[in-house]
Amino acid sequence: MTADAPQGRHETSSDGKGDDWRLFRGNGRARSITFPEAPPWRRFDGAETGGPGRERPYLIGPAEADVVNAALLLRRPLLVTGHPGTGKSSLAHAVAHELSLGRVLHWPVNSRTTLQEALYRYDAIGRLRETNMRRDPQDGHGTPGEEPGIGSYVRLGPLGTALVPSATPRVLLVDELDKGDVDLPNDLLNVFEEGEFEIPELARLPEDQATVGVMTADPDAWTDVVRGRVRCSEFPVVVITSNGERDFPPAFLRRCVRLDLPEPDEDRLRAIISAHLNPDGTGADTDLEGMDELMRAFLARRARGELATDQLLNAVFLRRGGVDLDAEGLLDAVLHRLGRTV
């Protein structure tokens, strides 16, 4: 394709709404544009580090809500399974929002994740370097004065912060536990049963340093740790997600309440779309032009392979903004299967 593409090549779309939606033309010509408003679920206000930009609506059936309530009443971790896009991770944020439990503590799990880093980290090297700089100012970089306490080098992880005593429980999202080491679920058993853990570096301190202030996983937040032990007063609301990539040991499953989120049917999909695209209730489904057509395409493609609900949301949002989804390859790009190699 050359930089001098014919004028008017993208001037109109099949629905007659023009090509205002095309921010990038691919013709090499620089121009100034005004970005349109982002989808509601992709807006960030930057008000809180690590938190969502705005609370997104979350719809769940009464049967699934009852399972969540059972986990809350039993003070047991909730193990949530289901296909991608069924709302496993969003459930933790929905519980925190509805019960006013504050910021969700997020622990993303991968193959290198350990229980230790989820509980706390101790920066021994940083402490040693700081001590040497203060004691040996010969190179001109020394900063004489009182050395920071050991608590300045200890930071609680998301699980450790969730176990800090508080009047109301914190919400902890353990995301994709099945991606972790095979022993990680068993490593969690004692912490989940006892609701406490020890920081040996603090437990060894003399009696006059029994109480130490340490950093937490919350932005700019500290807490006091007494004799190196952190013990919750209310067991946190633990939401564990799994994509079903492997089985968990029976001892771990026995301590969890299981919830399998089904794929939403057509009525639920319509309710989800309306809640996300008309969050204030001022719009109507009739405003979502072409939704019936997209719904049929989505359900047909989902029957042949995995699709996520947010893919349908993306398609409806684009159609609502005048995007010609019938253009070659565009619908395939938005509603592509998740269970195949790309």
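F192 is buried, since its relative accessible area is 8% and anything under 20% counts as buried. Keep in mind that this is a predicted model.

**Aromatic pairs**
- Searching the whole structure turns up two aromatic pairs.
- One of them is F192 with F235, an edge-to-face pair with 6.1 Å from centre to centre and 80 degrees between the planes.
- This pair ties together distant parts of the chain: F192 belongs to helix α6 (residues 184-194), while F235 sits in the loop between β9 (229-231) and β10, and they are 43 residues apart.
- F248 and F252 make up a tilted pair, with 5.4 Å centre to centre and 55 degrees between the planes.
- F248 counts as buried at 9% relative accessibility, and so does F252 at 1%.

**The sheet**
- Look for an open sheet of five strands, ordered β2-β5-β10-β1-β11, with parallel pairing.
- The edges belong to β2 (105-108) and β11 (257-260); each has a single partner strand, so one side of each has no neighbour in the sheet.
- From one strand to the next, the twist averages 20 degrees.
- Strands β1 (residues 78-81) and β10 (residues 237-242) run parallel and are joined by four bridges.
- Within that pairing, L78 stands opposite V239 in β10.
- Helix α1 (residues 62-74) packs on the sheet, where it touches β1, β10 and β11, and its direction makes about 160 degrees with that of β11.

**Helix α10**
- Helix α10 (residues 291-304) is 14 residues long and spans 20 Å from first C-alpha to last, close to the 20 Å expected at 1.5 Å a residue.
- Its buried residues are M291, L294, M295, A297, F298, R301 and R302.
- Looking down the axis of α10, you'd see these buried residues fall within an arc of 165 degrees, so they line one face of the helix.

**A glycine in a loop**
- G321 lies in the loop between α11 and α12, and it is exposed, with a relative accessible area of 54%.
- Although G321 and P36 are 285 residues apart along the chain, their C-alpha atoms are separated by 9.4 Å.

Methods
Residues are numbered from 1 along each chain as its sequence is written. This is a predicted model: local features need pLDDT of at least 70, side-chain atom pairs count only at pLDDT 80 or more; totals for chains, interfaces and linings use all residues. Side-chain values use heavy atoms; hydrogens and water are left out. Two strands pair if DSSP finds at least two bridges between them. Helices (H or I, at least four residues) and strands (E, at least two) are DSSP runs, numbered from the N terminus. Axes are lines fitted to C-alpha atoms, for helices over the stretch in contact, and angles run from 0 to 180 degrees between N-to-C directions. Contact means heavy atoms within 4.5 Å. The expected span of a helix is 1.5 Å times one less than its number of residues. Buried means under 20% relative accessible area, exposed over 50%, partly exposed in between (1.4 Å probe, protein chains only). The arc is that of the directions from the helix axis to the C-beta atoms. Rings of Phe, Tyr and Trp (its six-membered ring) pair if their centres lie within 6.5 Å; planes under 30 degrees apart count as stacked, over 60 as edge-to-face and the rest as tilted.
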